[in-house]
Amino acid sequence: MAAQELVIPDLEINRRLTILPMQEYYTSGHRTCQGCESALVMRYMAKVAGPRTLVTGTTGCMYVANTSYNSTPWALPWAHTQLGSAGSSAIGTAAALKVLMRKGRIAEEKINVIAFCSDGGGGDMGLATLSAALQDTRYNLLILLYDNESYANTDIQASGMTPWGAVTSFTPSGSEQRITQHRWKKNVPALLMAGHPTGRYFANASSGFGMDLMDKVRTALDVGGPTFVQTHDPCPKGWDFDPRMSHELAILAVECGITVLWDCLEGELRYQGLTKQQVEGKVRRKPVADYLRRQGRFAHFVDEDIDFFQSRIDEMWEDWILPGVLRVNQTPFGRLPVDGSSPVHPWHAGQDGASGNGNGSGAAAAPIAAVGGNRG
Amino acid sequence: MSDETSVGAVDVTYRGIFQKNLAGVITKELVKAARREDKVGGTVQRYGDSPERNGIPAKQFAVIADDMDSLRVEMTKYEPENVVVVCVMDDTLTKGVESWAWYGVRPINLNLAPGGTLLVISRRSPEELLHWIPRRTYDWNLAILPGEPSFGGLWVYNDDGTDYRTMGAVARVTGGLVSLDSLIAEAGSGKDGDLRAAQLREGYESVTMHPVGAGVGAEDTYVPVEMPGWTQMREGLVVPAVEVGKNNTLFMKYTTRTTRPLVKFDACVKCQICYTVCPDECFIPTPEGHYDINYQHCCGCGICAQSCPVSGCIEMVDETVFESNEPLHSVFESDPAAYEELRAEKVAQAGGANPHYGIY
């Protein structure tokens with residue numbers, strides 16, 4: 001194939017993509033798994049960002065698989081940054097560009113700055129730097145968090161964004177304790193959105209909805225200021241499913257209401273695509289069992305675990321003030337029991353059948369007896 | 001195993017992640033059985049394979065020695081040297097293996113010791129397999145254990161007896177590294193001892209041996225990859241970026257593939273979905289709106305076949321029936337009928353479309 005002419009994509013807020021840009025800036029020849037959806041996210045991101053882009057990436061699959069052993073599939077300038085420093089690298093790069101332009105060392109032009117991190121590097125370790133980057137309105141930067149729900153590069157250790165009950169190297173399922181991942185997945189985009197009024201754009205996307213994801217990346221780059229996009233990417237290695245199902249599972253997660261497609265531009269929250277139809281009541285959510293039963297990491301689930309998972313998802317949709325995004329309920333303890341008994345959330349009580357286990361995450365009401373968990 | 005050397009290694013070459021637990025069981029059980037015979041042993045996973053990726057060829061070794069000193073010497077090496085058996089857990093690996101780390105595509109029997117045995121789990125004949133396996137300058141043996149490749153996942157193990165059948169076959173083909181009796185005794189100490197013993201005996205009896213003379217087999221085109229020394233590398237570990245419109249030619253992913261997508265261009269509705277969903281950017285747009293496939297970089301994940309809205313348009317076909325990685329759209333362009341004939345022939349040869357993977 002002959003070298004293509006560099007085409008700078010046309011970016012415009014609020015105009016949906018109808019034609020896929022054909023240039024690739026993240027090309028073939030990466031050391032990812034078969035069916036790696038995070039690689040697809042990198043591809044979409046690079047596609048819409050175009051050639052005038054600087055990318056930095058924290059340690060994780062998308063660093064190790066793409067730049068090891070003296071070769072790379074990146075056609076964009078890319079630099080590695082330490083695990084947990086996506087925010088600092090983004091802000092440093094953006095500030096350096098600004099200074100170089102002010103001093104006349106490089107031409108004044110729009111150069112996109114993207115820092116990507118994964119759920120471990122961004123959602124766990126790098127949260128502080130993401131927070132710092134999203135506070136500074138002087139610079140234009142995008143932080144993209146690709147969420148494959150574990151530390152997948154180092155052979156699947158649980159992160160703060162691993163779903164409840166999933167098997168990982170750190171949370172195996174045994175005969176004594178069926179469930180060892182007691183933590184509910186943290187909602188990083190909503191957390192960042194709620195806490196950073198300075199951030200101009202926040203979005204949650206899914207690798208299964210490529211056009212929507214590309215629209216979100218494009219909007220973030222165009223609106224400028226500190227922006228954040230998170231994507232949900234199935235990982236065939238860590239979730240234990242046939243690689244050909246990757247894309248379907250990403251779509252299924254949205255259909256079941258587990259992944260919620262939303263964005264928030266300048267403080268205005270919007271839902272997209274299938275999620276929008278679910279919020280408006282035009283489409284019913286599928287049962288989460290459809291999603292859970294197709295993954296080896298949930299193979300140990302019994303019906304009661306699935307019911308518990310479903311009840312948490314239902315609550316997220318029915319009781320939250322912003323369905324699937326922000327948990328501000330009617331009572332401090334969640335849904336009021338219909339029989340009028342004491343309003344202790346089952347999540348914190350951990351005693352009524354479900355394998356729920358309060359880990360005392362900011363809940364003063366959590367009974368101490370529940371810490372350590374009831375054996376599933 | 002020759003009598004002079006007091007140390008021998010069993011190399012298990014397998015599909016990363018899908019067969020990781022399988023290879024782990026085989027190597028560990030072999031070492032435990034050898035210890036029952038007053039030998040010493042250890043298992044080792046090649047550094048360059050870790051962390052593993054789905055489907056990418058990987059290796060684990062069981063090193064068995066008569067005394068501790070010989071074992072220590074062998075275990076300090078990057079890869080054990082006296083490999084008396086190479087167990088190939090999936091027959092598509094015979095086309096060559098490229099590790100996760102950067103070595104280039106290596107022949108499956110590269111490290112096999114003279115007189116050693118290549119044990120392949122396959123339903124194919126020795127002639128079919130030797131079509132792919134490169135020749136050596138010494139005599140070696142090809143052993144075939146009839147069976148389908150066993151694919152599992154990281155968390156859910158595909159317990160179909162392939163592990164113990166393979167160990168039984170290893171006991172037979174090495175003739176002395178580990179005996180069948182000690183394997184049965186070792187299996188008897190665990191769960192399902194009788195079932196395991198039956199599987200060990202089945203593997204021991206059903207494996208077939210085919211001596212291969214020096215110079216028999218496919219042409220050996222292996223050229224070791226020349227690694228850049230530190231003087232040739234750029235400062236600060238800078239790696240040159242790919243030119244826009246080109247690919248990373250230093251790492252191609254095709255040895256990861258067990259099946260490849262084959263497109264029925266006649267049925268294509270030009271919806272662009274395969275192009276959009278391919279995580280490896282392997283679909284090349286053609287002027288008339290079809291999508292040709294770059295088989296050099298395709299890793300055979302099957303997402304395209306799964307996402308294609310037209311039934312039977314993209315089918316996953318067993319890799320061993322294909323000779324080259326040349327894109328096929330040019331054949332279709334020059335003669336659509338001939339292409340369709342070729343496609344149907346390949347699908348028939350492979351016994352139908354078959355994405356063979358784990359249980360989930």
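Start by selecting residues 83-88 and 112-122 of chain B: these are strands β4 and β5, which pair in the parallel sense over five bridges. Keep in mind that you're looking at a predicted model. To see one of the pairings, click B:V83, whose bridge partner in β5(B) is B:L112.

Now bring up the rest of the sheet. It's an open one of seven strands in chain B, in the order β2-β3-β1-β4-β5-β6-β7, with mixed pairing. Go to β2 (40-45) and β7 (208-212) of chain B: these are the edges, and each has a single partner strand, so one side of each has no neighbour in the sheet. On average, neighbouring strands here are turned by 20° against each other, direction ignored.

Next, select residues 20-35 of chain B. This is helix α1, lying across β1 (7-15), β2, β3 (57-65) and β4 of chain B, and it runs at about 5° to β3(B).

Zoom out and colour chain B by domain: domain 1 is 7-212 and domain 2 is 254-349. Their centres, taken over C-alpha atoms, are 33 Å apart. Where they meet, 12 residues of domain 1 of chain B contact six residues of domain 2 of chain B. On the domain 1 side, that's five nonpolar, three polar and four charged residues.

Last stop, the nonpolar cores. The largest has 95 residues, and A:M45, A:I143 and A:V217 touch the most other members. Helix α1 (residues 37-49) of chain A gives the largest share, nine residues. Among the contacts of A:I143 beyond four places in sequence are A:A86, A:L130 and A:F228. A second, separate core has 59 residues, including B:A34, B:L71, B:V84 and B:L118.

Note on methods:
Residues numbered from 1 in each chain as written. Chains lettered and ligands numbered in written order. Predicted model: local features only at pLDDT ≥ 70, side-chain atom pairs only at ≥ 80, totals over all residues. Domains from an automatic or database assignment. Contact = placed C-beta atoms within 7 Å. Nonpolar A, V, L, I, M, F, W, Y, C, P; charged D, E, K, R; others polar. Core = buried A, V, L, I, M, F, W, Y, C linked by C-beta atoms within 7 Å. Buried ≥ 20, exposed ≤ 12 C-beta atoms within 10 Å, placed from the backbone. Helix = DSSP H or I, 4+ residues; strand = E, 2+ residues; numbered from the N terminus. Pairing = 2+ DSSP bridges. Axes fitted to C-alpha atoms, helices over the stretch in contact; angles between N-to-C directions.
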